[in-house]
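I have kept to what can be read from the coordinates, and I take the chains in turn before coming to the contact between them.

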Amino acid sequence: MKDKIISRLDELVEELAKGDEQKKAWEDFLVDFAEVCGKADFKEELKAPISNLLQYISEKELSEGIGLLYAKIDNFPAVDIYKAFIEVLGEINRENQMRITELRDILAELATPIIRLWQDVLLVPIIGTLDSQRAQSMAEKLLESTAATRAKFVIVDVTGVPVIDTIVGGFLIEMFSAVKLLGSDVILTGIKPEIAHTLVKLGVDFNMVIIKRDLESALTYAVSISAENTGRKLLNHERGNADED
Amino acid sequence: MIDVNPQDYDIVLKIKDENDIAVSRQMVKSFAQKHNFSLADVTKITTTVSELARNIYRYAKEGYIYVRKKETGADKAVSIEILACDRGPGIENVELAVVGGYTTVERSLGLGLSGIRRLMDSFNIKSEVGKGTVVAVEKRRRGF
């Protein structure tokens, strides 16, 4: 088998490869194949050459190539190669699945930055689609930081949310109510005109929170209120009745 | 519940897990945009599909959403028709479910179906306990 392949290497590569860049890949594969041919753990040994080859050609091309080799060479172990091929594909698939899970975890971490925008003011810009998992982790994170920073205002900006349906609305309402239970006020900003209309039609009501047109007015409002409070505190202090606050 | 021929429709979406909700929303959004619906109507249609997909995912676990463009009448008025079908548990009291503020699960506002009815131009629902639910809605394209 080994000699058969090596002796016809150039001819086989010529037929298998589509384009020059595939030639080297097929040649390497055939040499590796000839090397491991006839070994006991032949199938296992083949996995590495197959996955190398798959980096250069598509599965369909490989499958066709195996068919071609089977036709050209007597006793070509096509079944074993297919077995190894399927196992390699399975491994690639598992790897991809793992990568997707990893990326999802990474996204969940990136998804909701909580920014301290001013003294006593937190900003939560929500971007993208909210699913139940993300909404849950976001709410937990926000409540924790609200409690930890003792923020008086939490600005939630939904400019980056493409659609607010009743479920997303429900998530937000839940989160707002929880933040209010911590003694902080919520300011909601960034609702687009078309979403406003849709929300009204849906009957989703955000009347438990303060709504501002954009981040700028929300910040102005929050800062002016805290400044007012601080000012009053100072005044009271001068009068000697600071305990009232 | 009813027989649907998928070939009559422009888009057929299978809803099976939570990611399918976002995917179906995106597909229908670009479909409505392609047919020159106004931004407000595109949002309404997108939201409706999102609600329907969520209902399927949440209650029936699995189902299909069919979408097509329709031209009716002599003036060929364009509209988008959306059909959501499942073989889930069905709705016990359809009238109550459509009124709004009614829900059978926690963490839900119970506004989905009533909201869809207000968002769209026509709304039909058929449901049988143990057999499934079909919701058919339509949105007409308004002239500018």
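1. Chain B has 144 residues, of which 36% count as buried. As the model is a predicted one, this share, like every other value in these notes, is computed from predicted coordinates. Chain B holds four helices and five strands, and read from the N terminus its elements follow the order β-α-α-β-β-α-α-β-β. Among the contacts in chain B with a separation of 6 or more, 63% join residues 24 or more positions apart.

2. Helix H1 of chain B deserves a check of its geometry. H1(B) is made of 17 residues and covers 25 Å between its first and last C-alpha, which is close to the 24 Å expected at 1.5 Å a residue. The buried residues of H1(B) are B:Ile21, B:Ser24, B:Arg25, B:Val28, B:Lys29, B:Phe31 and B:Ala32. When H1(B) is viewed down its axis, these buried residues lie within an arc of 165 degrees, and they therefore line one face of the helix. The partners against which the buried residues of H1(B) pack are strand E1 (11–15), H2, E2 and strand E3 (77–86) of chain B.

3. B:Asn36, which is not a glycine, has a positive phi of about 60 degrees; B:Asn36 follows H1(B) and sits in the loop between H1 and H2 of chain B. With 11 other C-beta atoms within 10 Å, B:Asn36 is exposed, because the cut-off for that class is 12 or fewer. B:Lys61, also not a glycine, has a positive phi of about 70 degrees and is placed in the loop between H2 and strand E2 (63–72) of chain B. B:Lys61 has 14 other C-beta atoms within 10 Å and is partly exposed.

4. Helix H3 of chain A (residues 20–36) passes the length check, since its 17 residues should span 24 Å at 1.5 Å a residue and its end C-alpha atoms are 25 Å apart, which agrees. A:Ala25, A:Trp26, A:Phe29, A:Leu30 and A:Phe33 are buried in H3(A), and because these residues fall within an arc of 130 degrees as seen down the axis of H3(A), they line one face of the helix. The exposed residues A:Asp20 and A:Lys24 are carried by the face of H3(A) turned away from its buried side. The buried residues of H3(A) pack against helix H1 (2–7), helix H2 (9–16) and helix H4 (42–54) of chain A. After H3(A) comes A:Gly38, with a positive phi near 90 degrees.

5. A:Asp32, found in helix H3 of chain A, is partly exposed, with 17 other C-beta atoms within 10 Å. The C-alpha atoms of A:Asp32 and A:Ala48 are 9.3 Å apart, for a sequence separation of 16 residues.

6. Lastly, the contact between the chains takes 17 residues from chain A and 22 residues from chain B. On the side of chain B that touches chain A, the elements giving two or more residues are helix H1 (18–34), helix H2 (39–60) and helix H4 (112–119) of chain B. H2(B) provides the largest share of that side, nine residues. By class, the side of chain B that touches chain A is made up of six nonpolar, nine polar and seven charged residues.

Definitions and conventions:
Residues are numbered from 1 along each chain as its sequence is written. Chains are lettered from A and ligands numbered from 1 in the order in which they are written. This is a predicted model: local features need pLDDT of at least 70, side-chain atom pairs count only at pLDDT 80 or more; totals for chains, interfaces and linings use all residues. Two residues are in contact if their C-beta atoms, placed from the backbone, lie within 7 Å. Ala, Val, Leu, Ile, Met, Phe, Trp, Tyr, Cys and Pro count as nonpolar, Asp, Glu, Lys and Arg as charged, and the others, Gly among them, as polar. The expected span of a helix is 1.5 Å times one less than its number of residues. A residue is buried if 20 or more other C-beta atoms lie within 10 Å of its own, exposed if 12 or fewer, and partly exposed in between; C-beta atoms are placed from the backbone. The arc is that of the directions from the helix axis to the C-beta atoms.
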